[in-house]
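Please find my notes on the model below.

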Amino acid sequence: AVVSTQSTGIMYPLLKGAFRRNEFLGRINEIVYFLPFSRDQCKELVTWELERIKDYATKLNISFSWDDSAVLLLSQALDTNYGARSLKNEVSRRVVDKLADMSLENKISAGSGVVLTVRDDALTFDVR
C-alpha cells in the first residue's frame with residue numbers, strides 16, 4: 001500500500017516530540033508503515049508455522065497434519081501490538097509445547113501420526 005506524504009507530515013512532529021533532539025531525528029532516513037494483517041494473512045502465517053512443525057516431525061518419523069478449523073482457531077490469537085510474533089508464540093505455546101509433552105509422556109513416538117483439529121472450541125491432538 002502507498003502511504004501519502006500527508007502521513008509523513010503527521011509523523012515527523014510526533015517523532016520530534018519523542019526524540020526532542022534534532023540530531024536523533026536527523027538519523028531517521030525513512031518511515032516504514034505497517035498495516036494490520038488481514039484474516040487470510042493470519043491464516044497463512046499460522047499455516048507456515050504448522051508446516052515448519054510438520055517438517056521437523058517428519059525428520060522424527062512422525063506424521064503431523066491439521067485441518068482448517070485448527071488454523072482458524074490459532075489465527076484468532078493475533079495481537080495487533082505484536083503482529084506476527086503473537087501468532088508464532090501462540091503456535092509454540094499451544095502446539096509445540098503440547099507435542100513435546102505428548103512425546104515425553106510416550107503418547108507419540110516414531111511412526112505415530114498426529115492430527116490437529118478443534119473440538120468444543122479447543123485444540124485437540126488425535127494420535128493415530
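1. Strands β1 and β2 run parallel and are joined by four bridges. Two strands are taken as paired if DSSP finds at least two bridges between them; helices (H or I, at least four residues) and strands (E, at least two) are DSSP runs, numbered from the N terminus. Trp 66 has Leu 116 of β2 as its bridge partner.

2. The model is predicted: local features need pLDDT of at least 70, side-chain atom pairs count only at pLDDT 80 or more, and totals for chains, interfaces and linings use all residues. Residues are numbered from 1 along each chain as its sequence is written, and side-chain values use heavy atoms, with hydrogens and water left out.

3. Strand β1 covers residues 63-66, and its side chains alternate. Buried here means under 20% relative accessible area, exposed over 50%, and partly exposed in between (1.4 Å probe, protein chains only). Phe 64 counts as buried because its relative accessibility is 3%.

4. The structure has one aromatic pair. The ring centres of Phe 64 and Trp 66 are 5.6 Å apart and the planes stand at 45°, so this pair is tilted. The criterion is that rings of Phe, Tyr and Trp (its six-membered ring) pair if their centres lie within 6.5 Å; planes under 30 degrees apart count as stacked, over 60 as edge-to-face and the rest as tilted.

5. Strand β2 (residues 113-119) also pairs with β3 (residues 122-127), in the antiparallel sense and over six bridges. The two strands form a hairpin with two residues between them, and Asp 120 in the turn has a positive phi of about 50°. Thr 117 lies opposite Thr 124 of β3.

6. What does the side chain of Asp 126 contact? Asp 126 belongs to strand β3 and, at 17% relative accessibility, counts as buried. Its side chain makes a polar contact of 2.7 Å with the side chain of Arg 119. A polar contact is a pair of N or O atoms within 3.5 Å; within protein, one must be able to donate a hydrogen and the other to accept it, and residues adjacent in sequence count only if both atoms are side-chain atoms.

7. Leu 123 is another residue of β3, buried at 14% relative accessibility. Between Leu 123 and Arg 20 the C-alpha to C-alpha distance is 48 Å, with a separation of 103 residues in sequence.

8. The largest pocket is lined by 18 residues, with Ile 53, Tyr 56, Ala 57, Val 96 and Leu 99 nearest its centre. Helices α3 (39-59) and α5 (84-104) are the elements that give two or more residues to this lining. The largest share, seven residues, comes from α5. A pocket is an open set of points on a 1 Å grid over the protein atoms alone, where a 1.4 Å probe fits, with protein on both sides within 12 Å along at least five of seven lines; lining residues have an atom within 4 Å of a point.

9. Asn 61, in the loop between α3 and β1, has a positive phi near 60° and is exposed at 52% relative accessible area. Asn 106, in the loop between α5 and β2, has a positive phi near 60° and is exposed at 67% relative accessibility. Most residues other than glycine have a negative phi.
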